[in-house]
Amino acid sequence: MDFDFSEDQEQLRDAVRKWVDKGYDFERRRAIVNAGGFDRAAYTELAELGLAGLYVSEDHGGLGMGPVEAMVVMEELGRGIVLEPLAQTLIASAVLQTHAPADLQSSWLPRIAGGEALVVLAHQERGARHHLNRCKAEAKEAGGQWTVSGSKSIVPVGDQADAFIVPALAGGQMALFLMERGAAGVKAEGYLTQDGARAAEVSFANSPAQLITRNGQTALEEAADIGSACVCAEGVGVMDKTLAITAEYMNTRKQFNVPIASFQALRHRVADMKMQLELARSMSYYASLKIKAPEAERRQALARARYQLGNAMRFVGQSAVQLHGGIGVTDEYIVSHYFKKLTQLEMTFGDTLHHLGEVSARMQDTAGVFA
Amino acid sequence: MDLAFTPEELAFRDEIRTWVRANLPKEISDKVHAAQRLSRDDMQRWSKILGKKGWLGYGWPEQFGGPGWNAVQKHLFEEECALAGAPRIVPFGPVMVAPVIMAFGNAAQQQRFLPGIASGEVWWSQGYSEPGSGSDLASLKTRAERKGDKYIVNGQKTWTTLGQYGEWIFCLVRTSTEGKPQTGISFLLIDMKSPGITVRPIKLLDGECEVNEVWFDNVEVPAENLIGEENKGWTYAKHLLSHERTNIADVNRAKRELERLKRIAKAEGVWDDTRFRDEIAKLEVDIVALEMLVLRVLSAEKSGKNSLDIAGLLKIRGSEIQQRYTELMMQAAGPFALPFIFEAMEAGWQGNFPGGVVANAPLASNYFNMRKTTIYGGSNEVQRNIVSQTVLG
């Protein structure tokens, strides 16, 4: 049992933090939002740091790192509320590496690692809500070629990504497919999400795709859990910075001739924010350290973590706005953007009530970190 | 970064587990698992069993006859004891006063007092709080005046936990009224059989007398019972508080009580009621999160690489969880938690409990008892002041 970061992990953190502080300030972010919520150039800069290949094995040109390194990176991106969807890259590379046939791996993973190919998960359907086993998209095979028809919602940067990982029913069973955005019959309509990032409604009509795995349910659950671990880590980074911004403001802003940080009612709310942050950080560690655990243990752990993180993100975000007062509800000042990011994260890969339901359904006689 | 315990730590845990299973009397663990009342004899019997093994002072360094365990080993020991249904170690001797005697007492005091603490023979109490000094402990007024080779002590202590059994009491007493309140306080060990001491149990809302008032009327205390220097007692007391970090969260007991809550929920038919079951699920997450927080502190202590100053968070969260599980247990029993029958809260009662399930008898009492946890040891509001200081300065 050891929760210290290694020297390499600390160096990785420093490198990402440096990029966020110097290369991704609030003004650049605002410009990206105004331009549609995604900047391929910024994504390329992340790839140049090696981050797009974080999960990709060294054989395929990546760094071959693990969940703890992913957590460190996502925390730092969270601190800067970075819009570019690195979590999607982590998910896609993990899914392909674990489940895809060798030829698919060797044709895509090196390009993912290099940042030339951006691959995102396109799983959300209107009727599925947070349930991963509900899918209407259908796949057909003819002459060794698969085609997929259906539509997916809120696909991250769906109108600009290079390819999608798409769950679809093949003979009644969920399978996962890799589909290029440029494939015949693919339509994508982009828009902004709450946090200023980009998503799209994507539809496919007999669109050619390649089979990743017939074991789609298992693979999608793994993908969602990796996504959830990213949400946890990113959320911790966002909250950490949110609390720092709030503390700084409270020590500067004066009312009744004293800094508002001197008022006990406000200080106690800050103490509660710190509590939520540290519980969340603990559960984010827990989530990332359980990513490789056997399925039942992993699913239970991730649901627990997301329940904790969901409550924490909502409380910290709402409290930060409240403690700022009027300036907290303006678009001009930075804190509202942190609040919106936290709000969106809570509803990504299952919301808090959904995860509570998962925890509730999975309860055993005994419970603890190790069971 | 790694969640798993090392093979050495796991072997250590197995050794503790085996020993506790073999040596913890079943009639005691049965009472603990059912939250029935423990007598002085129950508590002291377990203390002496641990004392004989050399584990009552489980946090002590080898130099003073302790096992010299590190933070993780101490945690594993606490966990095995809690899960097996051992009574909590009455902390005043082995956990609270002993480290102060080791750090600030002289050799004669160490030789005189530590063996009786280590063996569990001598019952110690704590004399800190006073009627006018709760969260503002430094305002305490109990006076100790030096007369020759004695101190003459006058005043009143209160909330003295299990003081009715106490043979010795360690007290914070005022030896000077000059300067800041903190600088005039001394740390004095007092034989509770001394003439002039009166102990009066205080009946609490749960019907028990867990705490006491202790009066001092011209009590003569040999000056050799002063720990360290006169007027430095506040520093020693703070050392004592800093000594207690993860234990205050009591997460191991919470894990055991979560198991009991699930048993009660099943027996009472609310386990399959989604509305109720979700409340248990929330508590389960709270407990896992608290355990992770505790493990982070332990890891930091073990490696010494980074320090985590989050004792206040552990106290707040741990106490809230203690209150919550007793609350949910009582709510699970619903109307059958209403009968308040003292005899039924004791082990071995043969009467008919209303509703037929005697396990419900202590639930309301347990719930009432736990209201103390957010008040004692620095109220949770005081803890929030401390926590906010780490963020806001």
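Predicted model: local features only at pLDDT ≥ 70, side-chain atom pairs only at ≥ 80, totals over all residues.

A: Chain A is divided into domain 1 (7–114), domain 2 (119–214) and domain 3 (218–361).

The secondary structure of chain A consists of 11 helices and 9 strands. Its radius of gyration is 21 Å, close to the 21 Å that the globule rule gives for 371 residues, so chain A is as compact as a globular protein of that length. Buried residues account for 53% of the 371 residues in chain A.

Within chain A, the centres of domain 2 and domain 3, taken over C-alpha atoms, are separated by 29 Å. In the contact of these two domains, 12 residues of domain 2 of chain A meet 13 residues of domain 3 of chain A. The domain 2 side of that contact has 5 nonpolar, 6 polar and 1 charged residues.

The contact between the chains takes 36 residues from chain A and 40 residues from chain B. On the side of chain A, the elements that give two or more residues are α7 (216–252), α8 (264–289), α9 (295–324) and α11 (352–361). Among these, α8(A) gives the most, with 13 residues. By class, the side of chain A that touches chain B divides into 22 nonpolar, 7 polar and 7 charged residues.

One helix pair can be followed in detail. Two packed helices are described by the angle between their axes and the distance between the axes. The axes of α8(A) and helix α9 (residues 274–303) of chain B come within 8 Å and cross at roughly 85°. Because angles of 65 to 115 degrees count as roughly perpendicular, α8(A) is roughly perpendicular to α9(B). From α8(A), the residues that make the contact are E278(A), L279(A), S282(A), M283(A), Y285(A) and Y286(A), and from α9(B) they are A289(B), M292(B), L293(B) and R296(B). This helix contact has 7 nonpolar, 1 polar and 2 charged residues.

Chain B is divided into domain 1 (7–89), domain 2 (124–232) and domain 3 (245–392). The C-alpha centres of domain 1 and domain 3 of chain B lie 20 Å apart. Here 15 residues of domain 1 of chain B are in contact with 16 residues of domain 3 of chain B. On the domain 1 side, α2 (26–33) and α4 (71–84) of chain B are the elements that give two or more residues, and α4(B) gives the most, with 7 residues. That side divides into 6 nonpolar, 4 polar and 5 charged residues.

Two backbone details complete the account. N257(A) is not a glycine, although its phi is positive, at about 70°. N257(A) is placed in the loop between β8 (254–255) and β9 (258–259) of chain A, and it counts as exposed because it has 5 C-beta neighbours inside 10 Å. W159(B), also a residue other than glycine, has a positive phi near 60°. W159(B) lies in the loop between β3 (150–157) and β4 (168–174) of chain B and is buried, with 21 other C-beta atoms within 10 Å.

Conventions: Residues numbered from 1 in each chain as written. Chains lettered and ligands numbered in written order. Helix = DSSP H or I, 4+ residues; strand = E, 2+ residues; numbered from the N terminus. Rg over C-alpha atoms; globule rule 2.2 N^0.38 Å. Buried ≥ 20, exposed ≤ 12 C-beta atoms within 10 Å, placed from the backbone. Contact = placed C-beta atoms within 7 Å. Nonpolar A, V, L, I, M, F, W, Y, C, P; charged D, E, K, R; others polar. Domains from an automatic or database assignment. Axes fitted to C-alpha atoms, helices over the stretch in contact; angles between N-to-C directions. Parallel < 35°, antiparallel > 145°, perpendicular 65-115°, else oblique.
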